[in-house]
Every structure is written in structure tokens, then in C-alpha cells.
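Let's take a walk through a protein model together. Have a look at the picture first, and then we'll go through some of its parts.

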Amino acid sequence: MASHSTGAPLPTLPEGFLAALRQIVDDKGLLTAAEEILPHVTEQRGRFVGATACVVKPATTQEVAEVMKLCCDHNVAVVPQGGNTGLVSAGIAFAEDRAIILSLSRMNRVRNLDPLNNTMTVEAGCILQNIQDAAARVDRFFPLSLGSEGTCQIGGNIASNAGGINVIRYGNSRALVLGLEVVTAEGEVWDGLRSLRKDNTGYDLKQLFIGSEGTLGVITAAVLKLFPATKERSTAFIALGQLEDALPLLSLAQSVIGEALNSFELIPRIGMDFALKHAQDITDPLAQPHDWYVLLEASAGTQQANLPTLFESYLELALEKGWITDAALAQNTAQADSFWRLRENITLCQKAEGGSIKHDISVPLSVIPAFIRKANAAVEAYLPTIRPYPFGHIGDGNIHYNLSQPIAMDKDEYLAHWDALNRIVHDIVVEMGGSISAEHGIGRVKLKENLHYKSPLEIRMMQQIKQSLDPKNLMNPGKLLPDTRK
Amino acid sequence: MKVLVPIKRVIDANVQVRVKSDQTGVELTNVKMAMNPFCEIAVEQAVRLKEAGIASEVIVVSAGPAQAQETLRTGLAMGADRGIHIQSDEDLQPLAIAKLLKAVVANEDPGLVILGKQAIDGDNNQTGQMLSALLGWSQGAFISAMEKDGDLLKITREVDGGLQKVSVKLPSVLTVDLRLNEPRYASLPNIMKAKKKPIDATSPADLGVEVAPRVKTLKVTEPPARAAGVIVGSVAELVDKLKNEAKVI
């Protein structure tokens with residue numbers, strides 16, 4: 001699956017439709033020139049380029065509602081889009097979708113910030129990092145954090161139920177949303193912006209939209225949960241005795257450090273090698289090379305919590321047990337940040353080593369080491385010189401099980417093995433009770449794979465939900481579920 | 001040759017510093033503290049001298065409240081051999097610290113004192129120079145390279161307009177600049193070893209030094225907020241604004 005565009009002709013829009021759109025959003029809210037549309041239909045890794053007749057950018061919920069009503073009346077399908085950083089092409093329109101893109105990027109206001117209730121109400125187009133910063137300014141913490149946080153938008157985060165590096169403590173997006181404002185497929189506005197922690201008044205509808213990948217409605221605003229600002233943070237870069245030791249190490253962290261544990265990230269030696277080779281300003285925190293590392297971080301909302309002492313005694317215990325063989329402890333924020341910069345480069349530097357075939361999987365924590373060993377053996381049997389690159393959020397059972405190409409192989413020749421390798425890896429994942437998409441979603445990229453593994457009943461129940469909320473199947477058709485339009 | 005490294009506990013360099021509401025100083029409660037970054041470079045340099053066989057012992061010393069011991073432990077974890085804690089809750093100003101260090105030098109008889117060029121809290125850049133004058137030793141401030149050459153140290157100083165290479169006679173007081181080295185991380189085994197290394201406690205009274213502040217802080221305030229920028233329409237407008245509003249040309 002190399003970079004390609006589908007080549008199908010652009011969809012033609014109904015007569016008068018564009019003019020009606022322009023009436024709603026004005027000139028600055030409507031993009032029709034090819035060069036303006038291109039970034040909105042290009043997947044961030046450059047693997048896919050879609051096609052659409054226009055990108056509409058409403059500035060208010062009311063405008064979104066009018067756009068949706070217009071689309072519904074004219075049977076025009078809509079792909080809601082945030083920061084376009086998704087990894088499964090759920091936010092891009094393709095020619096066969098016959099859809100326009102509805103970008104939420106102009107809806108970027110913080111509507112309300114309530115530190116006493118520990119909530120903030122934000123519009124869908126707010127960039128994640130701006131939300132984190134706004135919370136920090138009132139001495140609060142918004143824990144959702146992921147590599148693309150400088151670009152991705154909260155609406156997309158919620159629609160994809162984004163995970164990231166703090167899931168072990170704070171949960172994924174689903175756990176961080178108290179209320180939603182949604183424009184329905186038919187252009188009505190559902191005001192579900194409740195900032196309540198307890199509200200048992202019927203079906204929890206917001207949860208349907210969280211993780212729905214834009215297939216049920218357009219999320220236009222959300223009430224987010226806030227937490228006390230971090231006052232103390234302990235960060236260590238740890239060498240494991242062996243991969244299997246990650247499990248008792250995590251278990252010990254949960255019993256000694258307790259809920260202060262935020263992040264528990266697995267890094268393989270090959271990741272360190274790639275980062276040292278390709279990234280600037282990266283040094284190996286440890287004196288000797290090791291096969292497996294864990295980046296571990298705990299934090300507390302107060303200085304009195306004595307976290308550093310607890311943290312050190314935890315690591316000493318683990319060293320005595322032999323689960324870890326060495327560790328570097330950050331002595332200040334700059335050192336902690338440098339450990340995280342290394343972690344980010346584990347992701348970024350794959351690109352510099354040629355083709356990489358991706359998997360975003362989860363299995364029960366207890367079988368993660370077994371999964372990695374089994375999958376490594378299977379892919380190496382298929383292609384002996386392949387370079388497995390498993391890393392990620394091992395603390396919540398999620399591994400980015402990526403496969404870098406053999407050193408000498410042609411990139412396209414390697415990427416031709418994409419589907420075959422997906423099947424090998426996903427068969428093992430499913431056999432071990434895991435998920436073929438832990439945090440990236442299904443979108444268009446994993447649609448067939450998901451239909452292959454999920455039971456027909458589960459797919460049918462999802463279709464029934466979709467049918468009831470989007471009867472004309474105009475919300476992001478062909479993503480997450482098959483396109484049933486004629 | 002013993003090497004003495006005075007180190008300071010300061011607000012972590014990445015923390016946003018806030019002024020206390022009564023304007024008597026900056027907020028220190030519930031704020032992350034760490035070793036002054038220039039002091040880390042000084043410790044690293046001393047440990048490298050020991051690893052190179054030039055230093056026989058590295059002693060870290062810090063003056064301040066009880067928590068200064070945490071900073072000393074960090075120095076010990078980086079490879080210093082022992083620590084000296086001069087316990088004091090006073091507002092310790094550079095001259096007082098220089099006098100305390102002079103007394104420590106008299107007790108310990110080091111051949112070299114290495115300090116950070118300044119601490120990032122007060123940005124005073126005075127203690128090393130004052131200590132050198134009080135001891136009557138040679139001094140090399142803002143060094144970015146050093147090399148032992150017999151009884152001399154060849155050092156490179158970062159000065160306005162470039163680099164200055166000079167030799168200093170031992171004993172000497174050196175203050176270090178950013179480019180001298182990249183401080184190492186504290187490893188877990190070394191942090192554990194550091195817990196067993198001795199830290200001697202002493203006080204200004206024990207050392208016979210009067211530390212009462214000589215400079216009184218009247219008020220601490222935030223710098224004025226920067227005004228928002230404007231986008232100018234043309235070069236002519238820019239020049240006009242620079243001339244008539246900013247009055248810089």
C-alpha cells in the first residue's frame with residue numbers, strides 16, 4: 001500500500017449546492033481550489049491522497065447545523081475533519097465516498113473554564129496543546145497527551161477516542177469527556193454539554209459519539225475533565241533485565257507508587273539505535289546498551305507527597321529483584337524532557353530507515369511479552385531479515401508493533417507485503433484475545449480487517465445504531481462500517 | 001589534589017517563576033527545585049578530573065536550608081565523594097557565601113575550587129570572583145575548556161567578542177560556562193551509592209562567619225507584560241514606526 005490516490009473522478013455536487021454553502025459560511029469558510037483542498041485530503045504520512053469537491057469550514061455550531069441540514073436535503077455525504085493527524089484515514093474524503101469535508105478548525109474557542117468544577121468547555125477545533133496550556137494557566141492539568149498534540153484537534157481526539165501516554169492513570173479520551181455538543185446527521189443541535197460527574201438520566205449518548213469516527217454526527221464542542229496541576233514529577237529511563245520483567249516491574253510500580261504512575265512505555269534497542277542515528281540532541285541516558293527499556297513516569301499534584309523518595313525505593317527494590325539492570329533518574333525537568341524527546345524520536349525515526357508496516361494492537365497485559373516473541377518469530381519466518389520494532393504504551397496493553405523493512409530491500413517491494421504481514425500479526429493478536437486497533441481506530445484503512453475479525457452480530461448491532469442516527473448514511477460513509485449507499 | 005565544588009539549590013530551570021503576592025520575593029512553596037544548571041557542569045568537570053586521575057577527591061558543598069542536602073545527594077550521585085552542608089535559613093548573599101567557602105577551603109585545603117558562573121535564581125555572577133579575591137588565589141571565570149599543564153591550568157574563557165585562552169596557577173578558583181561539558185545523568189546504582197556517602201553538617205557559626213544580609217530587597221515585581229505586536233503593511237510603515245514610535249532609528 002504505497003502512496004497513491006484512487007484516481008476516481010471528483011464527485012459532482014448538486015446544482016446550487018456550492019452557492020448555498022457559501023451563503024452559510026461566507027468565502028473564507030469555503031475552499032474549492034485544488035491547492036487549498038490538497039492538505040485536507042492528504043494523509044499525514046503521505047500514504048493516501050483522497051479527493052473532494054470542497055472543504056467547508058463553519059465558524060459556529062449554528063453554521064455547522066445549517067451545513068448539515070443542507071447536505072442532508074441534497075443527499076451530500078460529509079466527512080468531519082479535525083487536525084488531520086489520524087492514522088487510519090477516517091478524516092479524509094476519497095473520490096468514491098462522494099463526500100465533502102467539514103473542517104472544524106475555525107471552531108477553536110475555549111467557551112468556559114471552571115477550575116472549581118475541574119472542567120473546561122471547548123470547541124471541537126481547539127488544538128490539544130492549546131487546551132493543555134489553557135488548563136495550566138489556571139493551575140490545572142488536562143491529561144490527554146500524544147505525539148501530534150501540537151496539531152491534532154480535540155474534536156478528532158474525541159471522535160477517535162484517542163489514547164496517548166497517560167492512559168494508564170487517566171484513561172483514554174472516553175474517560176476525560178463529561179459532555180458533548182453534537183450536530184446530528186439531519187442538522188439538529190444536541191446540547192449535551194453537561195459538566196456533571198454523576199448523571200444517570202438515560203442512555204449515555206455521548207459515549208456513542210466518542211470513538212464513532214465521524215460516522216454518527218459532528219462533535220462541535222465538549223466538556224473536559226481537569227485534574228490538579230502536576231507539582232512533582234519523577235521520571236526514569238530504565239533498562240530491563242529481559243522483556244518479561246516489564247510485567248512484575250509494572251505490578252510493583254502499581255503497589256509501591258500507586259496511582260501516581262502516569263506512563264510506562266516500552267522501548268526496544270532498535271528504537272534507541274534509530275533515534276541515536278537519526279535524531280539531533282539525543283544521547284543514550286545509560287552507559288551500556290540494553291535490549292529493552294522502559295520509560296516510567298509518576299507525578300503528584302502536591303510537593304509534599306514525597307514522590308521522589310517512593311520512586312527511588314521502588315527502583316531499588318526492582319534492581320534487587322533483577323528486573324532492572326540499570327536506570328537513569330531525571331534530576332530536573334530538563335532531563336525528564338530529554339527522556340521524553342527520546343521516546344518521541346522512537347516514533348519519528350522509523351521513517352528514516354525506509355518502509356515501515358504498522359500495527360496498533362492491544363492484548364491483555366499479562367501476555368504482551370509472549371505476543372511480542374510469538375509475532376517476532378512469525379514475521380521472521382515470513383521474511384527473515386525483517387526488523388521488528390515493537391514499542392509503546394505497554395502499561396495499558398498497547399504496543400505499536402511496527403515492522404521496519406530489511407536493510408537492503410526496495411521500499412515498495414517491502415510495502416507490497418503489507419496485507420500479508422497484517423494478517424500474520426493480527427491472527428496472533430486475535431488468538432491471544434487482543435484488538436487489531438488499540439487507539440488509532442478503524443477508519444478506511446482497517447475496515448476490511450475489522451469485518452474479517454469481528455462477529456457478524458457485533459457488526460450488525462453497530463449498523464443498527466448507525467442506521468438510527470444517520471438514516472441516509474451521509475456521515476463519513478465507508479469509514480468504520482461499509483458504505484451502504486447505492 | 002582535592003577539588004571543592006560549591007553547589008546551589010534553585011527553582012528548576014523549566015518552572016514558571018511567580019512573584020509572591022506580598023512582593024517580598026518569589027514563590028518557593030510547592031515549587032520544584034533542582035541543582036543550579038551551571039553547578040551541574042561544575043560537578044561534572046570535577047568528576048571528570050577525578051576519572052582522569054588529576055583530582056584525588058571531589059567534595060561538594062552547599063549552604064542553605066535542610067533541603068540543600070537533596071542537592072548534595074545529586075552531586076554525590078553524579079560522582080562526588082562526600083558533601084558538606086552549611087545549614088542556614090538566612091538569605092545568603094554572594095559575599096556571605098564566599099566567606100563561608102573561604103572557611104571551608106581553610107579546613108579542607110583543596111587545590112582547586114570549581115563553581116557555576118552564576119546561579120539562575122539571583123543571576124549574581126559574584127561568588128566565584130569574591131572567593132578568589134578573599135583567598136588571594138588565581139581565578140578563571142566563564143570557562144568553556146580546561147587542560148592541566150604541569151602546575152598550570154590552561155583554560156579557555158568565554159568573553160565578550162570571543163574566546164580568551166589563558167593559563168592560571170594552582171591553587172585556583174574557576175567558574176564554568178555552559179559549553180564546558182554535558183553533565184551526566186544520575187544512574188540508579190550511583191544514587192544508591194550516594195546515600196551511603198557522608199555529608200558533614202556545619203553552620204556559619206561553626207565556621208565563624210557572619211552571614212547577615214548586607215543588601216536589603218525592597219520589593220520584587222513582575223516585569224511589565226510585553227505589548228502585543230502589530231503586522232505592518234509595508235516597509236515604509238515599518239520604518240515610520242521604528243523612527244517615530246519605537247524611536248530606535
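Which elements of chain A each supply at least two residues of the lining of the largest cavity? They are β14 (232-240) and α12 (333-348). Helices (H or I, at least four residues) and strands (E, at least two) are DSSP runs, numbered from the N terminus.

Before going on, a word about what you are looking at. This is a predicted model, in which local features need pLDDT of at least 70 and side-chain atom pairs count only at pLDDT 80 or more, while totals for chains, interfaces and linings use all residues; side-chain values use heavy atoms, leaving out hydrogens and water. Residues are numbered from 1 along each chain as its sequence is written, and chains are lettered from A and ligands numbered from 1 in the order in which they are written.

Back to the cavity. On a 1 Å grid over the protein atoms alone, a cavity is a set of points where a 1.4 Å probe fits but cannot get out, and lining residues have an atom within 4 Å of a point. Grid points are joined across faces, edges and corners, and a volume is the space filled by probe spheres set on the points. The count comes to 1 cavity of 30 Å³ or more. β14(A) gives the largest share of the lining, 3 residues. Among the lining residues are A:R233, A:T333 and B:K32.

Now step back to chain A as a whole, with its 17 helices and 21 strands. Its radius of gyration (taken over C-alpha atoms) is 23 Å, close to the 23 Å that the globule rule (2.2 Å times the number of residues to the power 0.38) gives for 486 residues, so chain A is as compact as a globular protein of that length.

Next, find the open sheet of 5 strands in chain A, with the order β7-β8-β12-β10-β11 and antiparallel pairing. Two strands pair if DSSP finds at least two bridges between them. At the edges are β7 (110-114) and β11 (189-192) of chain A, each pairing on one side only. Further in, 7 bridges join β10 (residues 177-184) of chain A to β12 (residues 217-225) of chain A. Here A:G179 stands opposite A:V223 in β12(A).

Finally, helix α3 (residues 61-74) of chain A lies across β7, β10, β11 and β12 of chain A. Helix α4 (residues 128-137) of chain A packs on the sheet too, touching β7, β8 (119-123) and β12 of chain A, where contact means heavy atoms within 4.5 Å.

Notes: Axes fitted to C-alpha atoms, helices over the stretch in contact; angles between N-to-C directions. 1 Å grid on protein atoms, 1.4 Å probe; cavity = no way out; pocket = protein on both sides within 12 Å on 5 of 7 lines; lining within 4 Å.
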